[in-house]
Amino acid sequence: MATIDNTMGSALLGVIGAAGLYGVSCVQTWYYFNRYGSTDIWYIKALVGLVFAFDSIHQALISHTVYWYIITNYNNPEALSRLVWSILLEVLFNGLIGLIVQAFLTMRVWRMSNRNKALTAIVALLVVAEFGCSVAFTVESMKLGTWKELGELKGLSMTVNVLGAVSDFVIAVILVFYLRRSRTGFKKSDTMITKLIVFSVSTGLLTSVCAIASLVSIIIWGQTLIYVAFYFSLGRLYFNSVLATLNARKDIRAFGDDPEDFSFSLQTLSKARNMSGVKRPTISIKIDTTHEVEIEHSEKSCNSEKSKEKSQEEDR
């Protein structure tokens, strides 16, 4: 009975934490469409809308799980040993959220690395492998009936968390590397790049820590559902991290002299060639020198007129 109580207590804690993060997702999604809905490119808006839909379905599934165990089967200890379909299906939607967000980040790796095929292929393989394991876990778990039988899939569950942590870490390291190479030496542009680095690190760090915590919980407390408290929140962290980055773009632009001159977006980065012919990602900053040129031109014109007048006086 103690094990059962511990199992349900962990699941309930995970649902509460996920519900809190879902509230944050709702606020950030509203903020995004209110601020960028009329200006962003269609596939960015589609990504946010699709992930929010999957996030909502995931929240409904885990809420059904808790309701089935705590309300529907109240005071029925036998039911606590049986699996309910919703807690198994939520793994699939968690995997879908991770797939979409990580695919979006993989596209950033592709663009920022100037279409480095080998690097992008490594990241893509990690992302696809993680999703493939999530699908396999869902399919196999649907054939089972009790929590004890679910323990047979412990290895597959661990693999999902390992691949998730590794892929998040690799993506973060690559983005930070190319962002650091994009430094220009100008204070304001470097400040903006530093902001982008912070967002990239936080995106990978939060999800990696959550996946590692889930993995450690499976290894140490494999007979309980303590790992669920972390796994339920994993998809929320993916979504909220990307939303935070999307919603901060106008604030990041404000660090420039002219917000329109710094065209930062997650889907595009300007490209340039260095003297050796190697492509490097750079950030284009337009500096308005018209005023200085006009002043210089006026001074030259004034000097020219004075010289002409002086020459005419000498002729006289």
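1. The count comes to 6 cavities of 30 Å³ or more, a cavity being a set of points, on a 1 Å grid over the protein atoms alone, where a 1.4 Å probe fits but cannot get out. The largest cavity holds about 160 Å³ of space, volume being the space filled by probe spheres set on the points, which are joined across faces, edges and corners.

2. This is a predicted model, in which local features need pLDDT of at least 70 and side-chain atom pairs count only at pLDDT 80 or more, while totals for chains, interfaces and linings use all residues. Residues are numbered from 1 along each chain as its sequence is written, and side-chain values use heavy atoms, with hydrogens and water left out.

3. Which residues lie nearest the centre of the largest cavity? They are Glu-90, Val-91, Phe-137, Tyr-227 and Tyr-231, from a lining of 15 residues (lining residues have an atom within 4 Å of a point). By class, the lining has 11 nonpolar, 3 polar and 1 charged; Ala, Val, Leu, Ile, Met, Phe, Trp, Tyr, Cys and Pro count as nonpolar, Asp, Glu, Lys and Arg as charged, and the others, Gly among them, as polar.

4. Helix 3, helix 5 (147–150), helix 6 and helix 8 (226–247) each supply at least two residues of that lining, helices being DSSP runs (H or I, at least four residues) numbered from the N terminus. Helix 3 gives the largest share, 4 residues.

5. Helix 3 (residues 85–112) packs against helix 6 (residues 154–181) at about 30°, with axes 10 Å apart; axes are lines fitted to C-alpha atoms over the stretch in contact, and angles run from 0 to 180 degrees between N-to-C directions. The two helices are therefore roughly parallel (under 35 degrees). Residues in contact (heavy atoms within 4.5 Å) include Gln-102, Leu-105 and Arg-108 of helix 3 and Asp-168, Ile-171 and Tyr-178 of helix 6. This contact has 8 nonpolar, 4 polar and 2 charged residues.

6. Helix 4 (residues 117–141) and helix 6 have axes that come within 9 Å and cross at roughly 155°. Helix 4 is therefore roughly antiparallel to helix 6 (over 145 degrees). Among the residues making the contact are Leu-126, Glu-130 and Phe-137 of helix 4 and Val-160, Leu-163 and Ile-174 of helix 6. The residues of this contact divide into 15 nonpolar, 5 polar and 1 charged.

Key:
Angles under 35 degrees count as roughly parallel, over 145 as roughly antiparallel, 65 to 115 as roughly perpendicular and the rest as oblique. On a 1 Å grid over the protein atoms alone, a cavity is a set of points where a 1.4 Å probe fits but cannot get out, and a pocket is an open set with protein on both sides within 12 Å along at least five of seven lines; lining residues have an atom within 4 Å of a point.
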